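Work through the exercises below with the sequence and the model open. Each task is followed by a solution in steps.

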Amino acid sequence: MKLMYAKPSPFVRKVMVVLEEAGKRGEVELVDGFGSPVAPNDAALANNPTGKIPSLLLDDGTAIYDSRVITRYLDQQFNLGLYPTGAAALATNTLEAHADAMMDACILCVYEVRCRDESIHSPEWLDAQRGKIARAVSALQDSWMDHLNEELDMGQIGVGCALEYLDFRKEMGGWADWRGDHPALDAWAQKFSSRASMQATTPE
Ligand SMILES: N[C@@H](CCC(=O)N[C@@H](CS)C(=O)NCC(=O)O)C(=O)O
């Protein structure tokens, strides 16, 4: 399998964390997929017409995306139990979607700053994305702490990746520090980031 990859990407990181948790990192070749909407990457484009990463090229030549499709595929392949079935599925799936939406808002800020000339940056747009991030962080602490402290699932992995992305791109994205106002979530994130799978995938 080949993974279209970029180390800073929080969506790619979700996939890498799953591979590390499975002990299967060695089964995937990493292919540089770093690009942006205005400078798409050839390998990323070859496997996903939108040029987004991650995409995973299977050994039979099939390309699958996006991150949620890939993590579900890996979960089934390696029997990881990261996606519970039955009634518990709704919470896990919603939490993963919540984390992905945070990442989407972050990436939109990063692209606004990095890909568009400063003269056309939109403060309203940036503030709107930062507002989404702030509300989503508060909701994690208000409503999701019990779930975050339960058995490992894909929702937790998504949240761990999203929160560390907030730290990683704080300066470029221009959002406020989230840790001071959310002590319970901060404590959870610190513990979660000590997992070997998180340590092995730290963005840089
Ligand atoms: N919904 C997608 C989002 C992926 C995404 O936005 N990836 C970014 C990198 S973090 C990307 O490939 N951006 C390039 C582009 O938008 O053209 C997923 O879950 O995989």
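For the classes used below, Ala, Val, Leu, Ile, Met, Phe, Trp, Tyr, Cys and Pro count as nonpolar, Asp, Glu, Lys and Arg as charged, and the others, Gly among them, as polar. The model is predicted: local features need pLDDT of at least 70 and side-chain atom pairs pLDDT 80 or more, while totals for chains, interfaces and linings use all residues. Residues are numbered from 1 along each chain as its sequence is written, and side-chain values use heavy atoms, without hydrogens and water.

**Exercise 1.** Describe the residues around the ligand.

Step 1. Of the 13 residues around the ligand, S9, I53, D66, S67 and Y111 come nearest.

Step 2. Sorted by class, this shell holds seven nonpolar, four polar and two charged residues.

**Exercise 2.** Find polar contacts of the ligand, taken as pairs of N or O atoms within 3.5 Å.

Step 1. Start with the backbone: an N or O atom of I53 is 2.8 Å from a ligand oxygen, and a polar backbone atom of P37 is 3.4 Å from an oxygen atom of the ligand.

Step 2. Turn to the side chains: an N or O atom of Y111 lies 2.7 Å from a ligand nitrogen.

Step 3. The ligand alone exposes 520 Å², and the protein buries 88% of that.

**Exercise 3.** In what order do the four strands of the open sheet lie?

Step 1. Strands are DSSP runs of E, at least two residues, numbered from the N terminus; two of them pair if DSSP finds at least two bridges between them.

Step 2. The order is β2-β1-β3-β4, with mixed pairing. β2 (29-32) and β4 (63-64) are at the edges with a single partner strand each, so one side of each has no neighbour in the sheet.

Step 3. β1 (residues 2-5) pairs with β2 in the parallel sense over four bridges. M4 stands opposite V31 in β2.

Terms used: Near = heavy atom within 4 Å. Polar contact = N/O pair within 3.5 Å; in protein donor to acceptor, adjacent residues only side chain to side chain. Areas by Shrake-Rupley, 256 points an atom, 1.4 Å probe, with all protein chains shown as cover.
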